[in-house]
Amino acid sequence: TGIQLSSQHLSSQSRACAGVLHPAGSDLAGCLTQAIQQSYHVVQQQYLAEARELLSSHDRFAPPVVVGQPLPLDAAFYQRCQQGKVKAWEVLDPPSGWDVSGPVLATGYYQVSATVLQLVMMMDDALAHACHQGDTSMAQAIVNAVSKMAAMFCTMLPAPAAADAPSLALLRHNDLQYLAGHLLVLPFLFGSELKELLGSYVWLGDDALRLRGAARAAYNDVLSGQQTSIKQELQPLLHWSAVLAAGKPRPQKETEAA
């Protein structure tokens, strides 16, 4: 649909230019170039409008969706662990229990919102369309649109308050991490086709890093809130622990109350 509209837009611009300017004039070439650039801009804006509509209809209370791949665990390691045959250095070594021959991108199963899944599919469709069209300027416009879609996800969806809704804040963390991971995978999915059109590989790593930074901030807010809550609950126990460690007797009134 977007390409049909852009073609109509281009045709109308071309006819307008041809009717006003002399065909042999240099102004005609400039006018046609401007019309073509406007058509690419229209295509980009159409994708951004679809993303904006999707994000505007986001329901943060909608049921999440489970995604991911199972972690490739080392069965032999856990069998030796059950038998008590695991050495101390194996437990301290970070790769313990991980099957290095498994898929590199396996992250285990986790939950994300349906909105981020739809946005990812929208990005894939946009880049597939760019590769199918085979136009350099169109491909560049769509790549820029994908980058803007990622930024829109951060700006249009407000971060839930970690203190009021920690589960929603953690779901946002998962969404941001999932979207960042997909941006890093996109160059491998469409890299060869886009390289032929653009002359170089597409790199969306900067956008992915910004998303991961926002995800880390959301996670830290939840963790900080949980630490504060636990500290408040343990504060009386910590007080008596300090008193007992100092060898001081409790006041008489508190002793009678206990």
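**H182 and its contacts**

I began with H182 in this predicted model, and, setting aside the neighbours within four places in sequence, I found H182 in contact with V120, D124 and L189. The residue sits in helix α7, and I noted H182 as buried because its relative accessibility is 13%, against a cut-off of under 20%.

**Helix α8 and what covers it**

I then turned to helix α8, which spans residues 205–246 and bends by about 50° at L234, with a proline, P236, following within four residues. Looking up which residues of α8 are buried, I listed G205, D207, A208, L211, A215, A218, V222 and V243. I also asked what covers these buried residues, and I found that the cover includes α6 (136–156) and α7 (166–198); helix α7 is the element in which I had already placed H182.

**The aromatic pair**

Searching for aromatic pairs, I found that the structure holds one.

**A nonpolar patch on the surface**

Y78 came up again when I looked at the surface, where L71, L73, Y78 and W98 form a nonpolar patch with about 360 Å² of accessible area together. I traced W98 to the loop between α4 (88–92) and β2 (108–112), and I recorded W98 as partly exposed because its relative accessibility is 32%, which falls between the 20% and 50% limits.

**The chain as a whole**

Stepping back to the whole protein chain, I counted nine helices and two strands, and from the N terminus on I read their order as α-α-β-α-α-β-α-α-α-α-α. For burial, I noted that 31% of the 258 residues are buried. The chain exposes about 16,200 Å², of which carbon and sulfur atoms supply 58%. Finally, I looked at how far apart in sequence the contacting residues are, and I found that, among contacts between residues at least 6 apart, 78% join residues at least 24 apart.

Note on methods. Residues are numbered from 1 along each chain as its sequence is written. This is a predicted model: local features need pLDDT of at least 70, side-chain atom pairs count only at pLDDT 80 or more; totals for chains, interfaces and linings use all residues. Side-chain values use heavy atoms; hydrogens and water are left out. Buried means under 20% relative accessible area, exposed over 50%, partly exposed in between (1.4 Å probe, protein chains only). Contact means heavy atoms within 4.5 Å. Accessible areas come from the Shrake-Rupley method with a 1.4 Å probe; for residues, only the protein chains shown count as cover. Patches are made of residues with over 30% relative accessible area and no salt bridge: like charges are joined within 9 Å, nonpolar side chains (Val, Leu, Ile, Met, Phe, Trp, Tyr) within 5 Å. A salt bridge is a side-chain nitrogen of Lys or Arg within 4 Å of a carboxyl oxygen of Asp or Glu. The bend at a residue is the angle between axes fitted to the seven residues ending there and the seven starting there. Rings of Phe, Tyr and Trp (its six-membered ring) pair if their centres lie within 6.5 Å; planes under 30 degrees apart count as stacked, over 60 as edge-to-face and the rest as tilted.
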